[in-house]
Amino acid sequence: MNRVYVCSCFGVTEKQVKDHAAAGACTPRQIASACKAGTDCGSCVRRIQAILGRGNCPRRELLDQGMPALASEADTVAELGEAA
């Protein structure tokens with residue numbers, strides 16, 4: 001199996017970053033929240049930015065409207081709404 005590591009500090013692969021991006025992570029900060037990549041030495045942040053691309057976020061519209069872009073964030077917002 002050929003694995004391309006993006007973050008050697010936490011063993012995060014390019015495929016994992018792409019999977020998190022497909023799930024809605026549009027920024028390096030959101031990738032960091034999902035898998036810790038970029039939170040230790042920081043040398044992988046530029047690579048993560050390159051993988052994410054500029055403006056290619058499928059959920060950018062949600063972010064621009066102040067809505068949560070990640071599925072886990074949307075679930076939390078929905079749960080808070082139901083509790084109110």
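Predicted model: local features only at pLDDT ≥ 70, side-chain atom pairs only at ≥ 80, totals over all residues.
Visitor: How many disulfides does the structure hold?

Guide: A disulfide is a covalent bond between the sulfur atoms of two cysteines. To be counted here, a pair of cysteine sulfur atoms must lie within 2.5 Å. The number of disulfides in this structure is zero.

Visitor: Which cysteine sulfur is nearest to that of Cys9, and how far away is it?

Guide: Cys9 is partly exposed, with a relative accessible area of 34%. Cys9 takes part in no disulfide, a pairing that requires sulfur atoms within 2.5 Å. The nearest cysteine sulfur belongs to Cys41, at a distance of 3.7 Å.

Visitor: Is Cys35 buried or exposed?

Guide: Cys35 is likewise in no disulfide, and the nearest cysteine sulfur, that of Cys7, is 7.3 Å away. The relative accessibility of Cys35 is 17%. Because buried means under 20% relative accessible area, Cys35 counts as buried.

Visitor: How many salt bridges are there?

Guide: Side chains of opposite charge can pair when their charged atoms come close. For a salt bridge, a side-chain nitrogen of Lys or Arg must be within 4 Å of a carboxyl oxygen of Asp or Glu. By this rule, the count is three.

Visitor: Which helix holds both Glu14 and Lys18?

Guide: The side chains of Glu14 and Lys18 form a salt bridge, with an N to O distance of 3.0 Å. Glu14 is buried at 18% relative accessible area, whereas Lys18 is partly exposed at 44%. The two residues are four apart, about one turn of the helix, and both lie in helix 1.

Visitor: How far apart in sequence are the parts that Arg47 and Glu14 tie together?

Guide: Arg47 is partly exposed, with a relative accessible area of 38%. Arg47 forms a salt bridge with Glu14, and their closest N and O atoms are 2.8 Å apart. Since Arg47 belongs to helix 3 (residues 45-52) and Glu14 to helix 1, the pair links parts whose separation in sequence is 33 residues.

Visitor: What is the distance between the closest N and O atoms of Asp19 and Lys15?

Guide: Asp19 and Lys15 both lie in helix 1, four residues apart. Asp19 is partly exposed at 42% relative accessible area, while Lys15 is exposed at 56%. Their salt bridge has its closest N and O atoms at a distance of 2.8 Å.

Notes. Residues numbered from 1 in each chain as written. Heavy atoms only, no water. Buried < 20%, exposed > 50% of the residue type's maximum accessible area, 1.4 Å probe, protein only.
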